[in-house]
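Here is a friendly tour of one model, written for someone who likes to know the cut-offs behind each term. Have a look at the structure first, then read on.

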Amino acid sequence: MLPSRRGRPARVPAALALLLATAAAAGALAACGDTGGLRGAGATPAARSPARLWPGLTPASSPAYDIGEVEHAVVDGVAVPGGDVRRADPVAAVRAEIAARPDDYAGAKAPYHETSVRMADCGTDGAGDGTGDGAGDAGCPVLRPYYRDLTGDGRPEMTLGFRLLPEKLTAVRVYTVEKDRLVRVMSYEDAVSAVELAGRTVIVRSPSEVAGYEYRLQWTWDADQRAMLLTSDEMLRTDDGGRQTKRPSASPSAAASPSSSSSPYSPSSRASDR
């Protein structure tokens, strides 16, 4: 219907209506034909196979640096009521680690002595909420834990962080439960910018000494090793406009954990790897 001069719809003859409909359809088809066609992207470089260098070099049989590929350690003295990791006390897990690593935490000369001192602010009711300066409530260095199934068994794991003080570092841990025992399956500490969980992966972002770049490390659950393995270590561009950031390095003593099967992957070992 077309509006008449009196504001009422005016009837359109059937022949004219058919003509208008045909013209509109033709216009639509013409418009579709003008877009969406394939266009050449230009010449692409020829694919080349990797060139192997020094074919006569004797292959290495063992790693030069211990970067703690596998972390699988039972945490003694921490109860897991009903086998539910959500009922385990995260503060107790950190206290157990501090007790197992006195060289790092005990005494005024220990690199993270302030962490052990401030654990008294955590009380016995669990971790701080991670607000404010990121150290938890009332100075507690333990951050709020997060729970997600990282192993694919249908039960959640606990991802926990705590500040390593007075150094400006953050420890990241992942715990699972085996036979009602708390087991640490990932251990990493660095100057951390952000931590993310994606599927079965833990992603840790850390600042780089190179302006405009950051490190992004990914740990993924491996059923054969029963641990979170470092599956990706990248240096990526950031969106901070090339702002230079200084990245503290951890104490060499922090690279060893006597309670685990191997030492955690430390910033100092990564620096020597690069």
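## A nonpolar surface patch

Leu-53, Trp-54 and Leu-57 together make a nonpolar surface patch of about 410 Å². Patch members have over 30% relative accessible area and no salt bridge, with like charges joined within 9 Å and nonpolar side chains (Val, Leu, Ile, Met, Phe, Trp, Tyr) within 5 Å. Areas come from the Shrake-Rupley method with a 1.4 Å probe, and for residues only the protein chains shown count as cover. A salt bridge puts a side-chain nitrogen of Lys or Arg within 4 Å of a carboxyl oxygen of Asp or Glu.

Leu-53 lies in the loop between helix H1 (14-34) and strand E3 (73-74); helices (H or I, at least four residues) and strands (E, at least two) are DSSP runs numbered from the N terminus. Leu-53 counts as exposed because its relative accessibility is 55% (buried is under 20%, exposed over 50%, partly exposed in between; 1.4 Å probe, protein chains only).

## How confident is the model?

This is a predicted model, in which local features need pLDDT of at least 70 and side-chain atom pairs count only at pLDDT 80 or more, while totals for chains, interfaces and linings use all residues. Residues are numbered from 1 along each chain as its sequence is written, and side-chain values use heavy atoms, leaving out hydrogens and water.

The protein's mean pLDDT (the predictor's confidence in each residue, from 0 to 100) is 77, and 67% of residues reach 70 or more. Confidence is lowest in strand E1 (residues 2-3), with a mean of 37, and highest in strand E6 (residues 169-178), at 97.

## A hairpin

Strands E10 (residues 213-222) and E11 (residues 227-237) pair in the antiparallel sense over 10 bridges; pairing requires at least two DSSP bridges. Trp-219 stands opposite Leu-230 in E11. Four residues separate E10 and E11 in this hairpin, and Arg-226 in the turn has a positive phi of about 55°.
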